[in-house]
Amino acid sequence: MTGLYERDKRSLSTLSNLRFFPQSITGGKGSYLIAEDGRRLLDFSASWGAASLGHSHPALAAAVAGALKDQAGASHLSTANLPAVELAEKLLALVPDRAAGRVWLGHSGSDANETVARAVLAATGRSRILSFKGAYHGGTSGSMAVSGHPVQQGVPKAAGLSLIPFPDGYRDGGEAAAAQAALDHLRALLDGPVPPNEVAALFLEPIQSDGGMIVPPDGYFQEVEALCRRHGILIVADEVKVGLGRSGRFHAFEHLGIQPDIVVFGKGLGGGLPVSAAVGPEAIMNHSAAFSFQTVHGNPVCAAAAKAVLETIERDSLVEQAAEVGLHLKGLLERLQEKHALVGDVRGRGLALGVELVTDRQTKEAAKTATALTVYRAFELGLILYYVGVSSNVLEFTPPLTLTKEEATAGVALLDQALSDVAAGRVDQKKVAAFAGW
Ligand SMILES: *Cc1c(COP(=O)(O)O)cnc(C)c1O
C-alpha cells in the first residue's frame, strides 16, 4: 500500500504547497491531529490559526450538520439566506461603531482583502494604498498586489501601492527607535512623493504575522491613526490571523489603542471552514452591486460554522483562555530562551506567539537552516509547528484557542528537545532539504 504522503505527491499540485515536513493526517480531535501511522501530533499551528476551536469541535459539527439538514441554498448572491444574515448581524455587533456599516462575506482572507483594496479605491476616488513591507494580505493577484512579503517577490504590485517599514523593536534598535524611524519614514512619504489626499487606505496587521510575528511598539499605531484621520485615509485592520480572540483581546487592534474603519476576518472565523468577512462603513461596502462576488460567497453552511465559532468563543470565554494560556506558553518559551543560544527573541500576544532563531545573539543573523531543522525535528517528536518571517527564522505559535496549559507545557517540552537535537547536530539535514518551506 502506498503511503498517503506519496499519494498526495502523485495526485495533488504543488502550487499551493508550503511544506515543512512529511505530514499526512487522517483525523483530529481537540489540539491533536492523528497521523496516518497513528501518531498523535500536538498541533501548535492549527493550520495557520484556521482551526481556531481545535479539531472536531462539537459546536462546529452541530452547526454544519444543522445547516446541511435544511440547506438555505448555497449562496447569498441572488438571495438573502438566514445563516449569512445572522452572521453579518453578529459581526456588526462586534466591531467598533465606525466600522459597523455593512458586511461582505467571502471564502478567504485573500478574497476579503482584495475586495477591500478594490472597494476603497472605487468608493473614495483616491488612487493610492499604503501597506507594510513584510505584510501578508493574501495569495490572490489583488491581495498580493497590496502585500509586502518577500515570498511574493516578482508578483505585480498595485499601481498606487507604497510599502512602508513596519517597526521591529528587536531588529531596529529597540521599540522607541523603531517606532520613530518608521514614523519619520511615513511622514516624509506623505510630505513628498505620496500626497495624502490621494491615499484611500492604509492596510495594517496588528501583529505582522507572516513577516515574523512582529509586535508593533506601543503608541506607534496611534500616531499612524492620527495621521490617517488628518488626511481622511481609511484604516484597514487585517485581523485574519490574529483576530477573534487569538491575541488575548477580541480584536488584536484593541492592543494598539486604535479604531479601524474596516476590519477583515478570515482563518479562524470558520473554525477550519472557508469563510471570511470584511466589515466597514456603508459608503465603502455598498459602493455598488455586483462589484466583487464569487458564486458560493455567503454560503449558508460556512456562515453557520462562523456563527458557531463566534458563539463558542463567547460562551467558553476563549478570549480570556487565549490570554491566560498564552501567558503561560510565553513564559515557557522565555525559559527556552535562557537555555538555548539559538533563541534570539520571544514575542507576541495571547496565542499569537513567535520565537526568532538566530545564529548569534549579537549580530542577530537569521538561523534559517536551524529553523527548518527545528520544525522538522519537532514534527518527528510529535509537535506541529511552522515558521514565518521575511528571513524564514521565526517559529510561529497559533494553536487552537482551546489549548490547555497542560498541552502548552507538553508541546514546549517537545520543542525543548528539538532545539537540543538541532544544536547537537542530531537532525538529518538531507531529509529536511526536500522541504523548501518559504
Ligand atoms: C493568511 C492571511 C491572509 C490570507 O488568508 P487566506 O485564507 O490564506 O486567503 C490575509 N491576511 C493575513 C494577515 C493572513 O495571515
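1. Alanine 237 has valine 263 of β9 as its bridge partner. The coordinates come from a predicted model, and that applies to every point below. Strand β8 (residues 234-238) and β9 run parallel and are joined by 3 bridges.

2. On the β10 side, phenylalanine 265 is bridged to alanine 277. Here β9 and strand β10 (residues 276-280) run antiparallel, again with 3 bridges between them.

3. Which side chains cover the two faces of strand β9 (residues 262-265)? Ile262 and Val264 lie on one side, Val263 and Phe265 on the other, and all of them are buried.

4. Aromatic pairs number 15 in the structure. In one of them, the ring centres of phenylalanine 20 and tyrosine 387 are 4.8 Å apart with the planes at 70°, so this pair is edge-to-face; the angle lies in the class over 60 degrees. Phenylalanine 20 belongs to the loop between α1 (4-11) and β1 (25-29), while tyrosine 387 is in strand β14 (residues 386-388), so the pair ties together parts 367 residues apart in sequence.

5. The rings of phenylalanine 166 and phenylalanine 221 make a tilted pair, because their planes stand at 55° with the centres 6.0 Å apart. This pair also links distant parts of the chain: phenylalanine 166 is in the loop between β6 (161-164) and α7 (175-191), and phenylalanine 221 is in helix α8 (residues 220-231), 55 residues apart. Phenylalanine 166 and phenylalanine 221 are both buried.

6. Ring pairs join Phe20, Phe21, Trp48, Tyr136, Phe379, Tyr386, Tyr387 and Trp438 into a cluster. One of these rings also has a charge over it: the charged end of arginine 39 sits over phenylalanine 379, 5.1 Å from the ring centre. Arginine 40 lies over the face of tyrosine 32, at 4.0 Å from the ring centre.

7. Which residues are closest to the ligand? They are Ser108, Ser110, Tyr136, Asp238 and Lys267, out of 13 residues that surround the ligand. Tyr136 is also a member of the aromatic cluster.

8. A side-chain N or O atom of serine 110 is 2.5 Å from an oxygen atom of the ligand. For serine 108, a polar side-chain atom lies 3.5 Å from a ligand oxygen atom. Tyrosine 136 uses a polar backbone atom, which is 3.1 Å from a nitrogen atom of the ligand. The ligand taken alone exposes 380 Å², and the protein buries 85% of that.

9. Is valine 390 buried, partly exposed or exposed? At 46% relative accessibility it counts as partly exposed. Valine 390 is placed in the loop between β14 and β15 (394-397). The C-alpha atoms of valine 390 and alanine 135 are separated by 9.4 Å, although the two residues are 255 residues apart along the chain.

How values were computed
Residues are numbered from 1 along each chain as its sequence is written. This is a predicted model: local features need pLDDT of at least 70, side-chain atom pairs count only at pLDDT 80 or more; totals for chains, interfaces and linings use all residues. Side-chain values use heavy atoms; hydrogens and water are left out. Rings of Phe, Tyr and Trp (its six-membered ring) pair if their centres lie within 6.5 Å; planes under 30 degrees apart count as stacked, over 60 as edge-to-face and the rest as tilted. Helices (H or I, at least four residues) and strands (E, at least two) are DSSP runs, numbered from the N terminus. Buried means under 20% relative accessible area, exposed over 50%, partly exposed in between (1.4 Å probe, protein chains only). A charge sits over a ring if NZ of Lys or CZ of Arg is within 6 Å of the ring centre and within 35 degrees of the ring normal. A residue is near a molecule or strand if one of its heavy atoms lies within 4 Å of it. A polar contact is a pair of N or O atoms within 3.5 Å; within protein, one must be able to donate a hydrogen and the other to accept it, and residues adjacent in sequence count only if both atoms are side-chain atoms. Accessible areas come from the Shrake-Rupley method with a 1.4 Å probe; for residues, only the protein chains shown count as cover. Two strands pair if DSSP finds at least two bridges between them.
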